[in-house]
Every structure is written in structure tokens, then in C-alpha cells.
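Thank you all for coming; I would like to talk you through one fold this morning.

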Amino acid sequence: MSAAPRIRTATLDDEDALGRLDRDTWSTLHAVMPRPRPPYEPFYNERFGPRNHLVAELDGRLVGYIKLGFPTSLACNAHVRQILGLAVAEDARGAGVGRALLRAVCEEGRRQGARRITLRVLGHNAPARALYESEGFVVEGVLPGEFLLDDVYVDDVLMGRPL
């Protein structure tokens, strides 16, 4: 996989591939919910549909997604967007997919009129944190020991940057 990833808005037809990708990439490195088990919930729901997701393709295959939303429903917070999920297929890691998705979602946030963007990441997820920092995100807060994952207390880290 040497070509640059193609980033686009998700479609309804992407739902099955996104659900599989989400299940295939599940790990306590980034997930606080239990491992998904059949019967699987739909990937899209009443709150988050295709319009909230950008997807990455390499060689015509969906290999990643990023979900963008609002951190709250408050009008006074409407100038902020939050990354609510990011996944990259194992065999596509290191090909610039995550970076391309981050850059595209920041551009989408700007297009929507947002002034800043935030995300939450588990404290032990060093690869994700390094990627976010390399794209201008800084730690803005830490909730120590917020989650108990595999019998270990893990920090919840809030990161953000201006758009």
C-alpha cells in the first residue's frame, strides 16, 4: 500500500465495512466498552450517521474512519467539535491513514465554522497520543484512573487544538 489514502464522507453503503473495522480493531488500548459480541449493534445510530464519519480508502478498500461530533448539546459550546472515534485497519497502520483522517476532520471542523477541536484518549495509548501531538493537539486535562481496563486503572486524557 504505497498510495496516499483517499478520504471521503461515509455513505450508508459503508455501514457493514465500518462495523467490521470497528470490531477488528477493538482493543483495551483505546476502547472502554466491552468487546462487541453477536448480535452486533448497527454501526450507525440515530445520533451518528454517515455525515458524522470520514472514511479512508487505500486501493479501493475502506481502511479507516474518524467520527466528528459536538462535545455537548449546548449552544454556547457550538464552536467546538470533538473527535469521537478513530480506527485504522491493522494492515494499513504506518501508511499515513490516521494522519490523513486527522487533517481531513480538522478541515471539516473549520468548514463547519468550528474554532477548536478536542478529543479524549486513554493515557496508556502512546501511539495515538504521539500522533495527536504531532498534529498540534495538546493535553488540556487528565482524569486520573478514570477507567478500569484489564484490572488496571487508566487515565482519560483530554486533548485539543485551535482550528
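Predicted model: local features only at pLDDT ≥ 70, side-chain atom pairs only at ≥ 80, totals over all residues.

Residues are numbered from 1 along each chain as its sequence is written, and side-chain values use heavy atoms, with hydrogens and water left out.

That pair belongs to a set of seven bridges joining β5, residues 116-122, to β7, residues 152-162, and these two strands run antiparallel. Within β7, Met-159 stands opposite Leu-119.

On its other pairing, β5 runs parallel to β4, with four bridges joining the two, and here Val-80 has Arg-116 of β5 as its bridge partner. How buried is β5? Five of its seven residues are buried, so β5 is largely enclosed by the rest of the structure, where buried means under 20% relative accessible area and exposed over 50%, with partly exposed in between, for a 1.4 Å probe and protein chains only.

Stepping back, the sheet is open and has seven strands in the order β1-β2-β3-β4-β5-β7-β6, with mixed pairing. Its edge strands, each pairing on one side only, are β1 (6-9) and β6 (138-149), and the twist averages 25 degrees from one strand to the next.

Now the helices. Helix α2, residues 97-111, lies across β1, β2, β3, β4, β5 and β7, running at about 35 degrees to β3; axes are lines fitted to C-alpha atoms, for helices over the stretch in contact, and angles run from 0 to 180 degrees between N-to-C directions, contact meaning heavy atoms within 4.5 Å. Helix α1, residues 15-24, lies across β2 (53-58), β3 (61-69) and β4 (80-88), at about 85 degrees to β3.

Which residues of α1 are buried? They are Leu-18, Gly-19 and Leu-21. Seen down the axis of α1, the buried residues fall within an arc of 165 degrees, so they line one face of the helix, the arc being that of the directions from the helix axis to the C-beta atoms. These buried residues pack against β2, β3 and β4, while Asp-16 and Asp-24, on the other side of α1, are exposed.

Definitions and conventions. Pairing = 2+ DSSP bridges.
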